[in-house]
Protein chains: 2
Amino acid sequence: MSAGDRRPTLADVAAEAGVSVALVSIVMREAPGASAATRERVLEVARRLDYQPDNRARLLRSGRSRLLGVVFAVEHPFHDDMLTGLYDAADKIGYDLTLSATTPRRNERTAIAGLLQDRCAALVLLGPQIPAAELATLAARIPVVAMMRGVRQRTVDVVRTDEARGVHLAVDHLVELGHRRIAHVDGGRRMLASAERREGYLEAMRGHGLQAYARVVVGGPGEEDGARAVRRLLDEPPTAVTAFNDLSATGLLDVLRRDGLAVPGDISVVGYDDSSFSRLAHIDLTTVAQDIDTMATLAVARAVDRVDGAAIAHREVVVAPRLVVRGTTGLPAA
Amino acid sequence: MSAGDRRPTLADVAAEAGVSVALVSIVMREAPGASAATRERVLEVARRLDYQPDNRARLLRSGRSRLLGVVFAVEHPFHDDMLTGLYDAADKIGYDLTLSATTPRRNERTAIAGLLQDRCAALVLLGPQIPAAELATLAARIPVVAMMRGVRQRTVDVVRTDEARGVHLAVDHLVELGHRRIAHVDGGRRMLASAERREGYLEAMRGHGLQAYARVVVGGPGEEDGARAVRRLLDEPPTAVTAFNDLSATGLLDVLRRDGLAVPGDISVVGYDDSSFSRLAHIDLTTVAQDIDTMATLAVARAVDRVDGAAIAHREVVVAPRLVVRGTTGLPAA
DNA sequence: GCTCGACTCTAGAACGTTCTAGTTGCATCC
DNA sequence: GGATGCAACTAGAACGTTCTAGAGTCGAGC
């Protein structure tokens, strides 16, 4: 009735071009078995009829799907960056991505269920929150790659950043600038990476022979957590602070500046994550960045390997982060 | 060979339960036509075999797809917020969402092509960048709802915010606080909403009889644009500024504070978009927020109406924004 | 005892592709 | 001049569902 009565199919193109359906199929997916002349003619007809292949039917018939399901959280701007990398990586090896988001009102289980019904070949989960056991049962059904979360399950693959190394880099940088009294505001008990980053901090301090100066304050993932933590720190202020993440660092910065302390003049601050806002001139935060492209490439490669049934012994890939030096770190006060 | 040889199908469940495939289908989609007893039994078998319906086959067979394709940009954190609303709205009326992102290296055309192949029933485009003509040809093929962009094409639906009204609200707020010398830093020539917001500003100034004080400075969408514009403003500083967007406002704030001007003591600033970073204690920006839930609900409803072939005369829905008052606006300096 | 309707269930076609196993035509080889 | 090979093409099954049409069963109504 309205615009297009029905979308054209292979059969329509075949009829119009005077060839068989199978031949049109061959032409459309650029498979061998058609002469240049007919190829040309079929393509012309397809274009004229505005033919669009039906992915559903295509995937249904041809078993393997060359489709990777990705679960990401709308709350994490960082996940958007990772999507960019994943699209690139998948594209490069001829795979497609199908996305499913978690939102404050749409949980991970729902997001995963949707992808399972779409019959993607493997799942890539960005910072999955569901219990490890659940990941394991899921992995029994379909290859699963978890990113940015360590999972001690021998059936799920993991691609993550070397968290400890990240804070290590931050401490190295500060020490190099001449800092000694460096404190760490951690991510609290509930955050997965918190313990690793704290350990990285302690280890780095020991490595520089500064264990006597080491000081860890309990914080959390939010802005307020950083603000609260730094107030406790100010009785005997260090010359530099490494924070659990950028948000926490921002809260911290805010309190410092309100108290009239100059950053980095009086105190240097390092965040973690290289969140987009840390680039704002206003904040200009020195921070630790994950290697997005490398991680994305590895995750996709690993997923595809599993789909192809490759036998890979090690399940976990740990990628080194890098330090992004901006304006919140400098020489310590004299 | 590996984990699961093959995912179970309706036929497997049917065989195991000793009934026909059709009956299992009936049970799985909770259609009428099966007794409570068999329903129970079939479900039990399905659960035992870990049966998952195959969406592809399902959609292929049952023509209509109850599937909405959404194109969003990873660069826009705001789009993530909108996704949240869209998921809610779609969920409420039994529709599914399939997402396709644009990234710095994946353009809108590619994103749309993917969705077309997935045979979704309609397309929802967040802030589409492609030419209106292209949108029109697309709309000839499938219902299209464009969000956050005005399109003068009688074949595509539009759900957008009343941009002029947003700046109007900002000016009203400032005038109410006692400001008169209120300037506007616009979004430059290339931004779609720029002209509307500028008009809204001028109209509001006129409405308050302040046309003599009206002053528009050419800016842009970025932080640097705001910074550059405000420097030009400082020869004869106003007591308040409305900026094209939050990013521009942030650049502006940064310059002001570096110049030793207090915000809002010496000068008040209003942004636009309610970006997530505008909530940071550090920035705490008064801004104009779009009504995400309303817009999402309207967009989904409109898309579904078109799918159902409803005849709706007006193609454009304009939603009122609201002002979010935070810490960058206050009484003018005495 | 026959028909009717309601209910439960089933066979088989259909959706739009890809894949397998051909068939045809034509040039090549001994 | 008959076998062989190859390129170009085709018929029809298959993928896992849903849908249409109809078959069987049973109790009620006359």
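Student: How many of the residues of strand 5 of chain A are buried?
Tutor: Keep in mind that this is a predicted model. Strand 5 of chain A spans residues 157-161 and is mostly covered. A residue is buried if 20 or more other C-beta atoms lie within 10 Å of its own. By that count, the buried residues in strand 5 of chain A come to 5 of 5.

Student: Which residues are buried on each side of that strand?
Tutor: In a regular strand, side chains alternate between the two faces of the sheet. Here both faces of strand 5 of chain A are covered. One side has Asp157(A), Val159(A) and Thr161(A), and the other has Val158(A) and Arg160(A).

Student: Which residue in strand 5 of chain A is the bridge partner of Val145(A)?
Tutor: Strand 4 of chain A, residues 144-147, runs parallel to strand 5 of chain A, with 3 bridges joining them. In strand 5, Val145(A) has as its partner Asp157(A).

Student: And what stands opposite Val158(A) in strand 11 of chain A?
Tutor: Strand 11 of chain A covers residues 316-319 and is also parallel to strand 5 of chain A, joined by 4 bridges. Opposite Val158(A) you'll find Glu316(A).

Student: Now the contact between the chains: which element of chain B gives the most to the side that touches chain A?
Tutor: The contact takes 46 residues from chain B and 47 from chain A. Elements giving two or more residues on the chain B side include helix 4 (55-61), helix 5 (77-92) and strand 2 (96-102) of chain B. With 6 residues, the top contributor is helix 5 of chain B.

Conventions: Residues are numbered from 1 along each chain as its sequence is written. Chains are lettered from A and ligands numbered from 1 in the order in which they are written. This is a predicted model: local features need pLDDT of at least 70, side-chain atom pairs count only at pLDDT 80 or more; totals for chains, interfaces and linings use all residues. Two residues are in contact if their C-beta atoms, placed from the backbone, lie within 7 Å. A residue is buried if 20 or more other C-beta atoms lie within 10 Å of its own, exposed if 12 or fewer, and partly exposed in between; C-beta atoms are placed from the backbone. Two strands pair if DSSP finds at least two bridges between them.
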